[in-house]
Amino acid sequence: MSLNLTEPEILPPGVEPADAVKPRFGGAGGTFSDENLDLLSRVLDTWFQIPGTSIRFGVDGIIGFIPGVGDLLAGLASTIIVLAAFFRGVPLITISRMVANLAIEVGIGAVPVLGNLFDIAWRANRRNFHLLERSLEAPRRDTWKDWIFMVLLGLGIVAMMMLPFLLLLWLGGSLLRGLHAPGW
């Protein structure tokens, strides 16, 4: 008997395939439909287009120009996609990657004007929606790309944390060498 792998598997009602994504909290993520999340990510990142160009931006890029609270409000709106992914059972490594995308956008977006331009180019909401889609569609939902992204992000954060320490060491060494210079 040979298996025909081209025919779909038909399951009896109420039976889910073994690799199906299981929602957290008893399906509380059902209110976050793909259509609504796709629309939200488009409104936040690509809703408007500059005429005569291929440059698109969304409400996120506009709100960011409000001093002080703009990036915070845009970041809060962006968390809806991450929360939906969590409730729908997306693996935690993918959730971590989504949070990292959001943190990069909000962190760099806090820089006046240049940060807003970065928000327009980075499009964290579209990235996160595509991560959500990919995770729900693929049988193996966390990929080596997710892990490499998180490792590189972690190394970058460690390097940024070490930078002030290395600068202090360099300055301290320069001062000590200056004190022992001939002629003092």
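A salt bridge is a side-chain nitrogen of Lys or Arg within 4 Å of a carboxyl oxygen of Asp or Glu. D34 and R88 form such a pair, with their closest N and O atoms 2.7 Å apart. D34 belongs to helix α1, residues 34-45, whereas R88 sits in the loop between α3 and α4. The pair therefore ties together parts of the chain that are 54 residues apart in sequence. D34 is partly exposed, at 33% relative accessible area. R88 counts as buried, at 18%. The model examined here is predicted.

The chain contains seven helices and two strands. Along the sequence, these elements follow the order α-β-β-α-α-α-α-α-α. Of the 184 residues in the chain, 28% are buried. The accessible surface comes to about 12200 Å². Carbon and sulfur atoms account for 73% of that surface. Contacts between residues at least 6 apart in sequence were also examined; 65% of them join residues at least 24 apart.

The count of salt bridges comes to three. The side chains of R42 and D38 meet at 3.3 Å, N to O. Both residues lie in helix α1. They are four residues apart, which means a separation of about one helical turn. R42 is partly exposed, with a relative accessible area of 37%. D38 counts as buried, at 19% relative accessibility.

D38 also forms a salt bridge with R126, at 2.6 Å from N to O. This pair links distant parts of the chain. D38 is in helix α1 and R126 in helix α6, 88 residues apart. R126 is buried, with a relative accessible area of 10%. Through shared partners, the salt bridges join D38, R42 and R126 into one network.

The charged residue D119 presents another case. D119 is located in helix α5. This residue is buried yet has no salt bridge. The nearest side chain of opposite charge is that of R127, 10 Å away. The cut-off for a salt bridge is 4 Å between side-chain nitrogen and carboxyl oxygen. Side chains of opposite charge can pair when their charged atoms come close. With neighbours within four places in sequence left aside, D119 is in contact with D60, D71, E105 and G109.

The largest nonpolar core has twelve residues. Its members are L37, I81, V82, A84, A85, V90, I95, M98, L102, F129, L131 and L132. Three helices each supply at least two residues of this core: α3 (70-87), α4 (92-109) and α6 (124-137). The largest share, four residues, comes from α3. One of the core residues is A84. Leaving aside neighbours within four places in sequence, A84 is in contact with F32 and L37. L37 is itself a member of the core.

F65, V111, V113, L114 and L117 make a nonpolar surface patch of about 490 Å². L114 lies in helix α5, residues 114-122. L114 is exposed, with a relative accessible area of 62%. V113, another residue of the patch, is found in the loop between α4 and α5. V113 is partly exposed, at 48% relative accessible area.

R123 lies in the loop between α5 and α6. R123 is partly exposed, with a relative accessible area of 26%.

Definitions and conventions
Residues are numbered from 1 along each chain as its sequence is written. This is a predicted model: local features need pLDDT of at least 70, side-chain atom pairs count only at pLDDT 80 or more; totals for chains, interfaces and linings use all residues. Side-chain values use heavy atoms; hydrogens and water are left out. A nonpolar core is a set of buried Ala, Val, Leu, Ile, Met, Phe, Trp, Tyr and Cys residues joined through side-chain atoms within 4.5 Å. Buried means under 20% relative accessible area, exposed over 50%, partly exposed in between (1.4 Å probe, protein chains only). Contact means heavy atoms within 4.5 Å. Patches are made of residues with over 30% relative accessible area and no salt bridge: like charges are joined within 9 Å, nonpolar side chains (Val, Leu, Ile, Met, Phe, Trp, Tyr) within 5 Å. Accessible areas come from the Shrake-Rupley method with a 1.4 Å probe; for residues, only the protein chains shown count as cover. Lys and Arg count as positive and Asp and Glu as negative; His and the chain ends are not counted.
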